[in-house]
Amino acid sequence: MSTYNTRQRSTVEGFFRDHGDRGFTPEDTAAALSSVPRSTVYRLIAQLADEGMLRRTATDGRKAVYQYQEKGCSSHMHIRCLGCGRTMHLDEPTTRAIEEIVSSATGFDVLDTTVFEGVCRECRECGR
Ligand SMILES: [Zn+2]
Ligand SMILES: [Zn+2]
């Protein structure tokens with residue numbers, strides 16, 4: 001059990017919280033946080049993901065993408081834009097309605113943590 005510098009941990013945590021509408025690979029995070037050593041950023045991300053503060057939203061090629069997870073995010077689905085990389089929350093009634101539609105059509109029980117991928121309105125309007 002090792003402990004990391006508290007200031008480094010809160011720097012990494014704060015970075016994800018401040019950019020809570022999108023996800024980052026550990027490489028992107030390390031590049032944005034030049035004050036924290038790269039290997040420490042990687043270990044802190046793994047630790048925060050274990051604790052449930054970050055969740056893996058997708059993979060960018062072979063790299064994992066992590067995003068800040070608000071409390072309660074495990075009980076609704078998310079939509080992720082392939083244009084700008086933002087992830088947005090679906091509210092619980094929408095999540096339940098999707099589950100019902102899929103279940104009655106196929107008998108399939110969809111996970112609450114499902115992330116749909118698509119293109120958001122802003123990106124569609126600017127043609128990304
Ligand atoms: Zn959410
Ligand atoms: Zn977008």
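**Helix H1 and its setting**

Tutor: Helix H1 (residues 6-18) has 13 residues and reaches 18 Å from its first C-alpha to its last, close to the 18 Å expected at 1.5 Å a residue, the expected span being 1.5 Å times one less than the number of residues. Helices (H or I, at least four residues) and strands (E, at least two) are DSSP runs, numbered from the N terminus. This is a predicted model, in which local features need pLDDT of at least 70, side-chain atom pairs count only at pLDDT 80 or more, and totals for chains, interfaces and linings use all residues. Residues are numbered from 1 along each chain as its sequence is written, chains are lettered from A and ligands numbered from 1 in the order in which they are written, and side-chain values use heavy atoms, with hydrogens and water left out.

Gln8, Val12, Glu13, Gly14, Phe15 and Phe16 are the buried residues of H1; buried means under 20% relative accessible area (1.4 Å probe, protein chains only).

The domain assignment, automatic or from a database, gives domain 1 (6-68) and domain 2 (73-125). Their centres, taken over C-alpha atoms, are separated by 23 Å. Seven residues from domain 1 and eight residues from domain 2 take part in the contact, that is, heavy atoms within 4.5 Å. About 580 Å² is buried between domain 1 and domain 2, with carbon and sulfur atoms giving 45%; this is the accessible area (1.4 Å probe) that two parts lose on being put together, summed over both. Of the area that domain 1 buries against domain 2, Asp21, Arg55 and Thr57 supply 58%, more than any other three residues.

Note on methods:
Buried means under 20% relative accessible area, exposed over 50%, partly exposed in between (1.4 Å probe, protein chains only).
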